[in-house]
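The following exercises ask the reader to work from a sequence and its model towards a description of selected contacts. Each task is followed by a solution in steps.

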Amino acid sequence: MIIQRVVLNSRPGKNGVPVAENFRLEQSTIADTVQAGQVRVKTLYLSVDPYMSCTITEIMWLEELWVEMEVKVEEPDRRCRMNEDTGSDYLQPWQLSEVADGGGIGVVEESKHDNLAKGDFVTSFTWPWQTVAILDGSLLQKLVPQLVNGRLSYFLGAAGITGLTALLGIREKGHVTAGANQTMVVSGAAGACGSLAGQIGRLEGCSRVVGIAGTDEKCSILVQEMGFDAAINYKKEDVAKQLRELCPGGVDVYFDNVGGDISDTVISQMNQNSHIILCGQISQYNKDVPYPPPLPPDIEKIQKERNITRERFLVLNYMDKQEASVLQLCQWIQEGKLKVRETVVEGLANIGAAFQSMMNGGNIGKQIVSVSK
C-alpha cells in the first residue's frame, strides 16, 4: 500500500532553531496484510509540541513517553529528539530519513487484535507521521468520543496529557485554596497548557487570574473567551508596571511556561510563601542550559527570602490520579466550564511549518495537524 510520511530531513543542531525544512514529505509503502495482534489505522490528527525540539524532564514536553516510562527522572537533563544526542537513555532521537512520531489519533480500518474493531478511534504517544500505518494493537488506547463531545483532537490536548499537566500542576504544586483570595499569573497563557491552566486556576478557587501573552489577539481571547480577569501583551506593555496595577495584592501562584526575563519580573512581585508551578521554560529551549535554568542572583535572593517554592513538576509521579483527573477535565469540557482553543493546520505536508510556527508562538491553544477526515 502506498502512503505518505514525514521524515527528519536535517538536524537543527545543539543551539539551533528548528525550521520547516528540517522535515521532508515523501512517498513510501506499508504491507498490504495485517498480522495477528496488529491493526491498520488511518491517521486523523497529529500533535506537534515543544518537547520535540528540546525537551526537559517536565512532563508537558514528554507527551509521547508517559505511558512507557516507569521510573522517576532524577536529573534535569535537556533533551532534543531532533538532535542525535538527546541527553537521555530513554528518550530516543529521531533518525535522519526515518519517519518522525508523536501524539496521534486515528481510526481502525482493519484489525487482527482481539480488543479493537474496525471503526474504533484510537490514540498512541508514538504515532508515526504518516497517512496510514500498521501498529501493534496492544500499544493503542481506545477513545470514547462522547467524553469530549465528539472533538477527538481534544484527547491530544485538553483531555490528554496537556490538560493533566495543567490540572495536576495546580493541584499538587499551586496550593490553591478556595476562598483564600489568591491571585494567579500565567505566562505563555495562550498556549496549549497555559490557556487551560488559567481557567483551571479559577475553577479550583483563585479569585483573580492574569495571563501574559505575545499579541493583542491572544490577550483578547484570554479575557473574552477564557475568563481571565486581565492579560498583558509582553511585547507592547511594561510587564512589571502592568503586574503592579493588575495584581495590587501581589502574586500568590505563578504558572510558569516561559522562564527568562518574564518569569524574573513575575517572581519579583510574588508574595511571601507563594508558589511557582514550573511547567516549561520555552524561552530557554534553544539554549544549552540546565533545567530548570538558574535564576539571576537578585531573583534567587527574592525567592529564598520570601520562601517561594519553585520545584520541577513531573506528572508521571501522579499517575494514580490520572483517571479521575481526565474525567474531571472531560466533565468541565462537557459543561462548558473549560474552553478549548486549537490551532489546526490541514495536511500532513504542512506539519513542518506547523511545528516551526508553534515554536515561534504562532498557535493559540493546542497546535494540531489534521491529516485526514
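Are both Phe23 and Trp129 buried or exposed? Both Phe23 and Trp129 are buried, where buried means under 20% relative accessible area, exposed over 50%, and partly exposed in between (1.4 Å probe, protein chains only).

The model is predicted: local features need pLDDT of at least 70 and side-chain atom pairs count only at pLDDT 80 or more, while totals for chains, interfaces and linings use all residues. Residues are numbered from 1 along each chain as its sequence is written, and side-chain values use heavy atoms, with hydrogens and water left out.

**Exercise 1. Describe the aromatic pair of Phe23 and Trp129.**

Step 1. The structure holds four aromatic pairs; rings of Phe, Tyr and Trp (its six-membered ring) pair if their centres lie within 6.5 Å, and planes under 30 degrees apart count as stacked, over 60 as edge-to-face and the rest as tilted.

Step 2. For Phe23 and Trp129, the ring centres are 5.4 Å apart and the planes stand at 45°, so the pair is tilted.

Step 3. Phe23 belongs to strand E2 (residues 23-29) and Trp129 to the loop between E5 and strand E6 (132-136), so the pair ties together parts that are 106 residues apart in sequence. Helices (H or I, at least four residues) and strands (E, at least two) are DSSP runs, numbered from the N terminus.

Step 4. One aromatic cluster is formed by Phe23, Trp94, Trp129 and Phe355.

**Exercise 2. Characterise the packing of H1 against H7.**

Step 1. The axes of H1 and H7 are 10 Å apart, at an angle of about 110°; axes are lines fitted to C-alpha atoms, for helices over the stretch in contact, and angles run from 0 to 180 degrees between N-to-C directions.

Step 2. H1 is therefore roughly perpendicular to H7, given that angles under 35 degrees count as roughly parallel, over 145 as roughly antiparallel, 65 to 115 as roughly perpendicular and the rest as oblique.

Step 3. With contact meaning heavy atoms within 4.5 Å, the residues of H1 that meet H7 include Leu164, Leu167 and Leu168; among their counterparts in H7 are Val326, Leu329 and Trp332.

Step 4. By class, this contact has six nonpolar, four polar and one charged residues. Ala, Val, Leu, Ile, Met, Phe, Trp, Tyr, Cys and Pro count as nonpolar, Asp, Glu, Lys and Arg as charged, and the others, Gly among them, as polar.

Step 5. Of the 14 residues of H1, 12 are buried, so H1 is largely enclosed by the rest of the structure. Just after H1, His175 takes a positive phi of about 50°.
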